[in-house]
Structures are given as structure tokens and as C-alpha cells.
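Open the model in a viewer that lets you select by chain and residue number. The stops below can be followed in order.

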Amino acid sequence: MDPSKFKYSKTHEWVNAEDDTATIGITEYAQSELGEIVFVELPEIGISFSKGDAFGTIESYKTVSDLITPISGEVVEINAELAESPEFVNESPYEKGWMIKLKMTKLAELDELMTAQQYENAPKEH
Amino acid sequence: MNVDKTIFEYSSPGRVGVTLPDLDVPEVGVDTLVGPENLRDDLPLPELSQTDVIRHFTRLSLANYSVDRGFYPLGSCTMKYNPKINEEVASLSGFANMHPFQDDSLAQGTLAAMYATQEYIKGITGFDAVTLQPAAGAQGEYTALMVFKRHHEKIGQGHRRIVIVPDSSHGTNPATATRCGYGIVKIESGQDGRVDLSALADALNDEVAAVMLTNPNTLGLFESEIAEICELVHKAGALIYCDGANMNAVMGWYRPADSGFDAMHLNLHKTFSTPHGGGGPGSGPVAVKDFLAPYLPVPNVALKDKLYYLDYDRPDSIGRVHGCYGNTAIALRACAYILTMGAKGLKEVSDNAVLNANYLLSRLNDAYEVPFDCRCMHEFVASASRQKALGVKALDIAKRLIDFGYHPPTIYFPLIVAEALMIEPTETESIETLDEFIEAMLTIARESQTNPDVLQSAPHNTPVRRLDEATAARKPVLRYVDD
Amino acid sequence: MPYIPNTDDDQRRMLESIGASGIEELFEQIPADVRLQGDLDLPSPMSEIELRRHFANLADKNASTDRFACFLGAGIYDHYIPSTVAAVLGRSEFYTSYTPYQPEISQGTLQSIFEFQTLICQLTGMEVANASLYDGATGVAEAAIMASSVTKRQQWLVSECVNPAYRETLRTYAWATGYELTEAPRDGVASDLSKLKGRIGEETACVIVQNPNFFGSIEDLGEIESMAHEKGALLVVSFDPISLGLLKPPGEYNADIVVGEGQSLGLPMAFGGPLLGLFACKQQYMRQMPGRIVGATTDTEGKPGYVLTLQTREQHIRREKATSNICTNQGLCALAATVYLSTLGKTGLRQVAELCMQKAHYLADQIDGIDGCKLLSNRPFFKEFAIKCPAPVSEINGRLREAGLIGGLDLGRFYPELADCMLLCVTEKRTRDEMDRLAEALKQ
């Protein structure tokens with residue numbers, strides 16, 4: 001796990017692509033802006049998403065936000081531990097706080113995402 | 001003072017808090033009456049003496065802040081004084097101990113008061129027909145949108161699927177529209193915090209069923225172009241709804257029906273001083289123009305040949321929205337209030353609500369940022385943005401006000417103002433109370449520069465300190481479990 | 001004006017500070033063309049003495065239970081309210097506060113709601129309860145909407161033995177939200193199980209029944225539960241909280257969502273409002289629940305305390321995607337129920353339930369032998385039962401009124417095929433003498 005090798009979206013999700021599988025989570029910046037995460041709602045395995053779709057929601061105790069997939073694909077695994085321990089997203093956004101794994105259907109979409117360096121330098125919007 | 005143990009921890013087997021009469025008919029075994037398969041084995045309720053019950057709830061009451069204890073400038077909630085005579089008359093046994101399904105002829109007193117309340121609301125708002133059935137403001141909104149929907153179905157406009165709300169609207173507006181099957185289009189407020197006419201014009205089309213507007217709006221500003229707004233909406237074939245949460249600001253000055261609104265709701269617990277009860281019961285009557293009257297919920301209170309009756313013969317009605325006729329005992333309180341105040345008195349209510357708010361505004365706008373700094377109506381929205389630069393949030397200011405003996409203003413709303421502090425003094429507060437509050441606010445503004453820690457750690461003398469809301473939501477514990 | 005402290009002098013000082021010439025100037029935002037010309041059309045103001053007299057006169061025009069013994073039920077009941085309830089509800093620390101947005105100064109309200117939620121769970125055998133809804137009727141509608149969001153199904157099936165006012169409310173909500181409502185017929189005074197079963201399909205979100213049902217009869221919940229769950233529908237049960245002093249609670253029948261009218265728990269009938277919507281469900285559906293919910297937590301010093309929780313479900317955060325548009329609930333009414341259940345407790349509630357059931361059966365026995373009167377069914381019932389009358393119900397009720405009694409509900413109003421049938425209710429407040437008078441009046 002090396003976040004410097006991940007790809008990033010403007011909506012503050014990260015993608016770690018290995019072969020045709022993409023692991024997705026939210027960035028350190030996103031978790032710090034949201035504050036203490038109290039609930040993460042994730043999709044069922046087998047559902048397909050297109051890039052830009054909301055695949056779930058993330059809640060702090062006073063806000064709720066959509067989780068946006070930066071990449072198209074079918075859900076092959078979800079981080080079931082988040083149901084019991086949503087705080088993993090705060091404590092370890094790039095490892096224990098991962099959310100879903102997609103079997104990618106459009107690998108070329110990866111090239112449209114930012115590198116860690118680009119994300120670091122990009123202006124941050126909420 | 002410490003927070004009390006739960007009622008369950010006082011329980012001791014064999015105690016009971018009230019005596020009941022002995023059975024005065026021949027006893028038959030309950031097994032025989034309904035069969036053992038229908039009976040429960042255990043009833044795990046607590047067992048307490050009457051002393052325990054009264055002491056427990058008395059102690060709990062002392063952990064509450066209330067209007068009767070002090071100033072409660074909770075913006076948009078209108079925490080005004082609740083006159084005691086209203087409690088007294090609404091609790092008269094003749095009203096309280098009466099079954100809702102007995103013959104109309106046996107309920108003439110209550111029906112007369114309900115009918116009168118409907119008439120008074122018509123007078124105050126300028127509308128033509130009123131229902132008292134909605135149990136709260138949000139249900140009033142819902143009822144009104146249902147009335148719109150039924151009207152559109154009747155005139156062949158059922159395809160209209162969109163409701164427009166401004167970005168400053170209360171959360172119940174979009175939530176209610178969704179409940180009515182409508183999609184939501186949000187329009188951004190203009191620079192002056194009011195509806196941007198061109199943004200509204202752009203959003204209107206023949207898919208739009210309704211526009212929901214609060215007037216005065218949630219920033220405490222009157223929509224000065226309201227007549228133009230209503231005209232624009234009507235030209236597009238849509239209807240316009242007034243969220244009447246802020247009617248307390250304009251009584252005797254302005255009637256929403258006169259400016260072109262098609263329907264509105266009122267919060268009796270705001271404008272007409274009925275108690276908020278720790279979160280209800282409220283009451284949200286809906287008033288509409290003539291052409292919408294046939295769609296109001298069934299039954300409605302009507303008068304014929306000097307006899308008040310519940311009118312069920314309403315074939316175009318949306319139907320029922322309540323098991324009976326709404327929060328009738330709350331309507332009685334509002335009726336008593338209106339009768340006490342009269343036309344002049346209600347105008348004085350609005351005069352002084354607006355005067356008090358402008359006074360606070362004029363004294364606080366040096367120390368606090370006021371995003372829409374102009375004359376306000378009955379409330380205004382300040383922002384802690386300057387203080388936030390020093391590490392002090394609206395939340396901290398709110399908590400520090402508790403140390404000074406006040407209930408904090410509304411924070412987190414409206415959403416379009418960062419670090420909002422929404423302040424509504426109401427007309428029932430004196431200049432002395434306002435001056436003391438101003439002093440506290442100014443002290444806090446100074447503290448944010450000199451001693452932010454004391455704000456960030458506030459409140460200091462409450463039964464509990466700041467509570468861990470994140471853990472409460474992560475690992476919900478929603479009932480007491482004996483361990 | 002007693003509720004407006006500002007004097008002319010106060011007003012002058014305030015206007016000076018504001019820099020306004022007069023109050024009129026503060027209302028300049030309201031354009032002249034939409035301003036009200038002249039005064040509001042309202043009666044002249046009344047003093048406290050006049051107001052008290054006016055309302056006393058109105059109250060006297062009502063037939064209250066002070067003057068009549070009430071045998072009318074049908075969802076609103078004349079149960080006894082222990083003196084503790086008024087003593088607690090009269091405390092203005094409770095009734096003049098608002099929704100507990102600031103937990104540090106609202107622990108009284110928050111803890112009492114937490115206790116309310118616990119008591120409702122204990123009573124119903126369910127895992128989680130909310131802080132209350134408006135009433136039983138809208139509670140049923142909220143339950144149906146919630147069932148649709150849980151199951152992603154579009155149809156609601158309701159038994160004809162559910163309170164007609166609840167079904168009418170359900171119909172209104174179904175139309176507004178765009179869900180489809182079907183009614184399942186009755187067989188006598190209970191749900192027709194085979195027809196009910198036949199109407200549960202793959203698109204049925206919930207099966208809604210009431211127990212004891214509108215006729216007072218006990219339904220076969222075990223049977224209904226397996227029918228609903230077999231097809232993946234949720235079981236929604238509307239209950240009478242007093243009956244749960246004796247009867248097996250809906251939780252033990254594996255109900256998914258339970259709803260009840262809580263008026264019986266310490267609220268006066270008050271011509272039907274304010275009422276109290278009781279709402280509980282299985283833990284797994286917690287996040288789909290409508291309304292306010294209170295949870296336990298700790299403060300920065302580790303002290304236990306209570307907060308409003310799971311707020312992201314609600315309209316002020318989730319706006320158009322909220323689980324419900326409800327904002328204000330029936331806070332003070334929930335407090336009444338909390339005090340009521342604490343006062344009666346385990347033995348008291350059981351005793352109330354038993355008095356109701358014993359006395360109702362006594363009255364039924366007295367009536368069943370009368371010429372022209374007949375119980376509609378021999379099915380087990382709790383505190384209400386339906387009879388066939390020898391004359392139109394309005395005529396019978398007129399006769400009862402002369403004997404100082406308020407008779408039962410005319411069932412023909414809601415079930416045209418049940419003309420001349422009356423639904424009678426007996427609570428613990430009714431005496432043998434009152435019941436004998438009722439039986440006597442029926443004999444004439």
C-alpha cells in the first residue's frame with residue numbers, strides 16, 4: 001500500500017489498481033474535512049457502476065455525503081469491517097479504511113485520474 | 001447537579017405507583033377468556049413507588065433549560081413565552097375528557113372553538129379556507145403539497161413533477177416534496193439573501209408543480225418582490241406555497257394571500273405561543289385560496305343552521321392526514337391567545353418581535369459578521385466567521401452562551417451561511433433581558449480573542465459537558481439494558 | 001399587553017439605537033402594494049376573566065366523561081390517568097423547552113425520551129423505538145413507507161380489520177407517495193386469512209394488521225407472520241399498548257415494524273388530539289426509521305448522558321433524501337406515556353389490562369342474552385366487541401344518553417354491511433353499575 005502510487009479523483013476518492021481490480025477509498029484530506037465518520041453505507045457485491053455514479057454514502061454525525069466511483073466496474077468485494085468500525089476511515093484512510101473493490105470494465109479511465117502529485121497540488125473544493 | 005439514574009435503576013419488585021379498583025364483576029381466568037397462547041409470559045416493565053416516580057422526573061426536569069427559566073433566542077423556532085391562561089382553559093375537563101367520535105351535537109363547545117380558530121386564521125392570513133388537521137408544521141407542508149397535487153390532477157396538469165425550493169429553505173421543504181412524489185430543483189439565493197428573480201424564471205417551466213417559499217425567509221428577510229414572484233410562478237402554470245414558520249413577524253402588516261400565495265401553513269407553536277413541549281405536540285393548520293378548498297383533508301369543521309359539525313361530504317378531498325382532527329387541544333390554546341390579543345395585540349406582537357430583533361442586530365453587528373447586514377424582520381443570521389479565524393466556531397460560542405445562562409441561538413442553519421448563529425429574540429423579552437444578552441455576546445467576542453480555550457471547553461457548569469455524538473452514532477445505544 | 005414587556009420608552013430607546021425614526025420604518029421591506037390596509041378582522045380582545053368565562057361556557061356544551069360514562073372506543077380510549085402524569089407534565093421545565101438541540105441543557109428531555117424508547121421496547125418486545133410520531137394513523141403510514149424503502153417493493157397490503165381512520169390515512173399517503181395500497185377482506189370480525197394469503201405477492205412490501213383489531217378481536221398473528229415472511233414482505237402490526245399488559249407482544253410474533261396509538265398511556269381523549277404515535281422496529285432497520293431518536297453516550301469527562309442521534313436520516317441533514325419529513329414529534333405526549341408506564345409498572349399495567357378484559361367480557365355476557373342483541377362473534381377479544389342491535393345505533397345511543405351513558409360506535413359508518421351494529425368498549429374506569437345500566441337500556 002503506497003498512496004503515492006494511487007490515482008485520485010477531484011471528489012477526493014483514491015484508486016489503487018492492481019491488474020483489472022481497483023480498490024477505492026477516500027483521501028486523508030476528505031476524511032479530515034468530514035470529521036469523525038460514524039457510518040459508511042456500501043453497495044452489494046455484483047452491482048455494476050459507471051464512472052461518476054454514487055456507490056454509497058458516508059456519514060459523520062452531522063453530515064452525509066455520496067461516495068463517487070472514479071472508475072467503472074462491478075463490485076467484487078466490500079470492506080465489511082466498516083459496518084462495525086467506521087472509524088477506520090479516519091484512522092487509516094488508505095489501508096484499513098478502504099471501501100470497495102471493483103472489477104474494472106474501462107481500464108482507460110485510470111488515465112483520466114490525477115497522480116498523487118497532481119492531487120496534492122490541485123485546488124481543494126468541498 | 002448530577003444526571004439522574006434511569007427510571008429502571010430505581011425498580012424494585014413489588015412496588016407500584018398507583019392504586020386501582022378491585023374487580024367488581026365475577027372473575028374468570030384470563031386463560032379461559034382469550035386462551036393461554038395469546039398471553040405474554042413476562043412484562044419487563046419497571047416497578048416503582050409514587051415517590052420514586054415524582055422525584056425522578058422532577059430531577060430530570062431540573063436538567064432542562066426552558067422559556068420559563070430564561071432567554072431562549074433559538075432562531076426560526078420562536079421560543080416566546082407561553083401564557084398560562086391558555087394552558088388552563090385548554091385543560092378544562094369539558095374539553096379534555098371528551099371522546100372524538102361522539103355525536104357532533106355532544107361536542108358543540110370544542111367544534112365552536114375549532115371553527116372560530118379556522119375563521120381567525122383566515123382573517124390573519126387572508127386565505128379562504130382552513131384545516132386544523134395537520135399535527136405539525138411539516139405535516140402542514142405535506143398537506144398543502146398534496147392539495148396542490150390533487151388540484152393538478154383534477155385540471156389535467158398531473159404531469160407537473162417538480163418543486164422548486166430556495167437554497168435557504170428549511171430541510172422539511174425538500175423532504176416534504178419528495179414525500180409527495182416530486183423532484184426537487186434548488187435555486188440559489190441572490191446577493192441580498194432573497195429569491196433571485198432571474199434564477200427563478202430560469203427554473204420555471206411546465207414541469208413545475210410548485211414553488212415553496214418561506215416569507216419572511218429563513219435569513220429573517222422579507223421577500224420584497226413577492227408579488228412579482230407569485231406572478232411569475234402563476235404565469236408558468238405552477239402554484240406557490242408559503243411556509244408560514246415566520247408569520248409571527250408580519251401579523252397585521254401583511255397577509256400572504258394578498259400577495260399571491262395559493263396556500264400556507266402556520267405553526268401554532270411558533271406564531272400563536274403554544275408551548276413547544278420539548279419537541280411537540282405542535283400543530284400546523286393549512287390555509288388555502290377558494291379554488292383549493294375542496295381538496296382539504298376530510299373531515300373539516302363546518303357550520304350550518306347554528307350547528308357546528310364535522311363535514312365528511314368532501315368528495316374531492318385528499319383524504320385524512322390524521323387519526324382524528326389534528327392536535328385539537330393545541331388549537332384551543334391558539335384560539336385563547338388570539339382572543340386575548342385581538343387585532344391590535346397581534347400587530348404589537350409583530351412590531352415588537354421585529355423591534356427586538358433589529359435592536360439586537362444593531363448592537364451585535366460590530367462584534368460579529370452579519371452576512372446580510374440590513375434591517376431584519378423578527379430574526380437575523382450572524383456568522384462566527386471572524387471568530388473561526390481565531391479557532392472559535394459557532395458551536396463554541398453557542399456552548400459558551402450556556403455558561404452565561406442562555407439557550408444558544410440556532411446553529412448549522414441556514415446552510416447557506418457558514419458558522420451561522422440565527423438569533424430570534426421574540427416580542428416577549430424586555431430590553432433589560434436583551435441588554436444582558438448583548439453584554440454576554442460581546443464578552444464572548446472578546447474572549448474569542450483573549451481566551452479561546454474557555455469557549456472551546458464550554459459549557460462548564462452544566463449537568464453534563466460536551467457529549468460524544470460520534471460514538472453515539474457509531475455504536476447506537478437506544479435503550480436501557482440491565483447488565 | 002401582558003406578554004409584551006416593551007413600554008413606549010423602551011421602544012424609543014431601541015429605535016434610537018437602531019437609528020430608525022419609528023417602528024413603521026422597520027417594516028419598509030414590505031412593499032406598500034402588498035401591505036394590509038386597515039386592521040385584522042378579529043374579535044375585540046378579552047381579559048383573563050372574560051376568556052376563562054368564554055371557554056368555561058364552551059366546555060359546558062360538550063358531553064364530557066364528567067357527566068357521562070363512556071363506552072365508546074374505536075382507537076381513542078377513556079382510560080384512567082394517574083395523578084403523577086399531570087404533576088410531571090405541568091412542570092414548565094418540560095413543556096416550555098424545545099427539541100433538545102443543545103444536549104448539555106436538555107438532559108431532562110433527552111433522558112426521558114431514552115426511557116420512553118426503552119419502555120416501548122419492553123412493552124412491544126421490539127429492539128429499537130423512536131421518540132414518537134404524530135399518532136397511530138400516521139405511524140402506520142410511516143411504517144408502510146419505511147417497509148417500501150427496506151424491501152424496495154411498491155405494494156402495501158392492509159387488512160380490513162385495521163382501524164378505518166388509519167386505512168384512510170394510509171390511502172392518502174399511498175396516493176401522495178405513489179405506492180399501491182390493497183385491502184384484504186375480513187371474515188366476520190377478523191382478517192380472512194386465506195384471502196390475505198392470496199393477496200401477498202412478490203411486490204408486497206408489507207402486510208399491515210392490527211391486534212387486537214378494530215373489532216377488538218385477537219388476530220392469528222403467528223399465521224399472518226409466516227404468510228408475510230414467506231413472500232419476503234415485512235409484517236407491520238398496529239397494537240393497543242394497554243392490551244400488552246396481558247397479551248403476547250408483537251415482537252414475540254417476529255413483527256418487523258410495530259406502531260401504536262399511545263393516547264391510552266396517560267393522555268386525555270381531548271377530542272382526538274394531541275395523540276401519540278408509538279413506533280418500534282427490528283434493530284436491522286434502525287437506520288430507515290423515521291423521526292427523532294435518542295442515544296446514550298458519555299461526555300468529555302466520561303459521565304453518561306444522552307443526545308439526539310442517527311440524525312443523518314433526518315430532513316435537516318438529508319433534506320430531499322430523508323427517511324421522513326417529520327421534524328417536531330409529540331415530545332410532551334411521549335413524556336406522559338413515560339410517566340404513565342413508570343407509575344403503573346409491571347403490576348399496574350397488567351392489572352389495568354385485566355380489569356378491562358374481565359369487565360368487557362362481563363358486559364358482553366350481559367348483552368348477549370338480551371332480546372334482539374347478539375355478539376357478532378365468539379372470537380377471543382380484549383376490551384372491545386361488536387354487537388348486533390335491535391334498532392339503529394343512533395336510536396340506541398339516544399336512549400343510552402338519557403341513562404347518562406355514551407354508547408358505542410356505529411359500525412355501519414365504516415362497514416355498510418354492518419348496519420345496526422355497534423362497537424362497544426370497556427375500560428378499567430367502567431363500573432358494574434354503569435354496565436348494568438347499559439344492558440338495562442338495551443332491553444327497552
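**Stop 1**

Select helix H5 (residues 108-125) of chain B together with helix H3 (residues 48-60) of chain C; their axes come within 6 Å and cross at roughly 130 degrees. The model is a predicted one. Now show side chains at the crossing: B:Gly109, B:Ala112 and B:Ala113 in H5(B) meet C:Leu58, C:Ala59 and C:Asp60 in H3(C). Coloured by class, the contact of H5(B) with H3(C) has four nonpolar, one polar and one charged residues.

**Stop 2: a helix pair within chain C**

Stay on chain C and select helix H12 (residues 331-368) and helix H14 (residues 432-443). Their axes come within 10 Å, with a crossing angle of roughly 25 degrees. Angles under 35 degrees count as roughly parallel, and H12(C) and H14(C) are therefore roughly parallel to each other. The crossing of H12(C) and H14(C) is right-handed.

Which residues of H12(C) meet H14(C)? On the H12(C) side, pick C:Lys359, C:Tyr362, C:Leu363, C:Gln366 and C:Ile367; on the H14(C) side, pick C:Met435, C:Leu438, C:Ala439 and C:Leu442. By class, this contact has seven nonpolar, one polar and one charged residues.

**Stop 3: where chain C touches chain A**

Next, display chains A and C. The contact takes five residues from chain A and four residues from chain C. On the side of chain C that touches chain A, the residues divide into one nonpolar, two polar and one charged.

**Stop 4: the domains of chain B**

Move to chain B and colour by domain: domain 1 covers 21-62, domain 2 covers 86-340 and domain 3 covers 344-469. Taken over C-alpha atoms, the centres of domain 1 and domain 2 of chain B are separated by 41 Å.

**Stop 5: the sheet of chain B**

Keep chain B and show its strands. Seven strands form an open sheet with mixed pairing, in the order E1-E7-E6-E5-E4-E2-E3. At the edges are strand E1 (129-131) and strand E3 (183-187) of chain B, each of which pairs on one side only. From one strand to the next, the twist averages 20 degrees.

In what sense do E5 and E6 of chain B pair, parallel or antiparallel? Select strand E5 (residues 239-244) and strand E6 (residues 263-266): the pairing is parallel, over four bridges.

Methods
Residues are numbered from 1 along each chain as its sequence is written. Chains are lettered from A and ligands numbered from 1 in the order in which they are written. This is a predicted model: local features need pLDDT of at least 70, side-chain atom pairs count only at pLDDT 80 or more; totals for chains, interfaces and linings use all residues. Axes are lines fitted to C-alpha atoms, for helices over the stretch in contact, and angles run from 0 to 180 degrees between N-to-C directions. Helices (H or I, at least four residues) and strands (E, at least two) are DSSP runs, numbered from the N terminus. Angles under 35 degrees count as roughly parallel, over 145 as roughly antiparallel, 65 to 115 as roughly perpendicular and the rest as oblique. A crossing is left-handed if the near helix is turned anticlockwise from the far one by less than a right angle, and right-handed if clockwise. Two residues are in contact if their C-beta atoms, placed from the backbone, lie within 7 Å. Ala, Val, Leu, Ile, Met, Phe, Trp, Tyr, Cys and Pro count as nonpolar, Asp, Glu, Lys and Arg as charged, and the others, Gly among them, as polar. Two strands pair if DSSP finds at least two bridges between them. Domain bounds come from an automatic or database domain assignment.
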